[in-house]
Amino acid sequence: MRVIEPWVAEPLQSFLDESGARLTLLMTSAGQVIAQDGFTRSVDVMAAAALGAAIVASTDAIADIMTTSAFGVVLHQGPKQSLVLRAFPTPRGRWIGLVVFGSETSVGLVQLFFQELAEGLAKAAPPAPATRAVLAENFEYELNASLRSLFGR
Amino acid sequence: MRNLGEALERVTRVAGIRGAMLVSESDGLVVAEALAEGLDGAAVAALAASLTLRLRRTATSAGLAVPHVVQLRAERGTVLSVPAGDDLLLVAVAERDANLGLARLELRQAAAQLGS
């Protein structure tokens with residue numbers, strides 16, 4: 001497991017221990033990665049985060065067209081692996097969880113423990129730091145620092 | 001759908017039964033439910049399905065074939081689970097003083113009704 005923010009680690013570890021997930025990715029609704037488990041290549045994480053955020057944005061748009069509230073969970077069920085994508089509120093804004101799992105667990109268990117993860121993150125979140133301007137010269141440094149945190153290099 | 005309602009009602013009519021659910025075993029999701037207020041059906045369904053699946057594997061590995069009933073007795077009540085057709089389980093949550101013999105009988109008959 002790799003996390004950008006240390007307070008995410010404990011609730012996420014509980015989720016990983018209980019849910020039997022193969023891959024887990026937490027990201028902001030803009031696709032910025034917060035934590036990951038199971039991915040071995042940074043390019044996969046970035047692609048999954050971008051695609052996951054795009055899918056949630058698409059379902060939000062569909063919900064808007066249908067004049068209904070946003071969809072809670074997106075489930076892709078496959079013969080060997082399935083994927084749950086779920087947006088949830090946190091004190092740090094709206095985050096998205098992407099979980100890939102196999103036949104060793106079930107969508108019911110993944111959803112049950114994901115709900116506990118969302119509640120755990122809401123409790124564990126420290127007060128939000130003061131926002132600061134994003135400068136172009138800092139962007140690459142911060143991106144590389146995040147990648148080092150996520151992949152340990 | 002009427003069949004499902006009748007089967008669940010048959011189980012919940014037993015004194016001391018707090019709720020009954022039809023659960024997809026492989027998904028751990030609720031298919032139909034009749035639950036008392038305050039009972040978290042989604043959580044019970046997910047965990048009961050997982051437990052039943054593992055106990056089935058345990059029983060078959062031990063050469064005992066497929067369990068007819070799974071009964072989990074806790075301090076304040078009991079969870080009962082029986083197979084109810086293809087990939088389905090009928091699950092009941094009983095209070096401590098419920099008539100478990102009658103509950104098991106009704107569960108199995110309701111499951112047979114659903115599976116037929």
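Visitor: Why is E5(A) called partly exposed?

Guide: The relative accessible area of E5(A) is 23%. Buried means under 20%, exposed over 50%, and partly exposed in between (1.4 Å probe, protein chains only). So 23% makes E5(A) partly exposed. A word on the source: this is a predicted model, where local features need pLDDT of at least 70 and side-chain atom pairs pLDDT 80 or more, while totals for chains, interfaces and linings use all residues. Residues are numbered from 1 along each chain as its sequence is written, chains are lettered from A in the order written, and side-chain values use heavy atoms, without hydrogens or water.

Visitor: Why is T105(A) called buried?

Guide: T105(A) has 9% relative accessibility, so it counts as buried. T105(A) sits in the loop between β6 (93-101) and α3 of chain A.

Visitor: What does T105(A) contact, leaving aside its neighbours within four places in sequence?

Guide: T105(A) is in contact (heavy atoms within 4.5 Å) with S19(A), G20(A), V110(A) and S26(B). A polar atom of the T105(A) side chain lies 2.7 Å from the backbone oxygen of S19(A).

Visitor: Why is R13(B) called exposed, and what is its salt-bridge partner?

Guide: R13(B) has a relative accessible area of 60%, so it is exposed. Its partner is E9(B), with the closest N and O atoms 3.7 Å apart. E9(B), at 44%, counts as partly exposed.

Visitor: How many salt bridges cross the interface of chain A and chain B?

Guide: The rule finds zero there. It does find five residue pairs in polar contact, both residues at pLDDT 80 or more. A polar contact is a pair of N or O atoms within 3.5 Å; within protein, one must be able to donate a hydrogen and the other to accept it, and residues adjacent in sequence count only if both atoms are side-chain atoms.

How values were computed:
A salt bridge is a side-chain nitrogen of Lys or Arg within 4 Å of a carboxyl oxygen of Asp or Glu. Helices (H or I, at least four residues) and strands (E, at least two) are DSSP runs, numbered from the N terminus.
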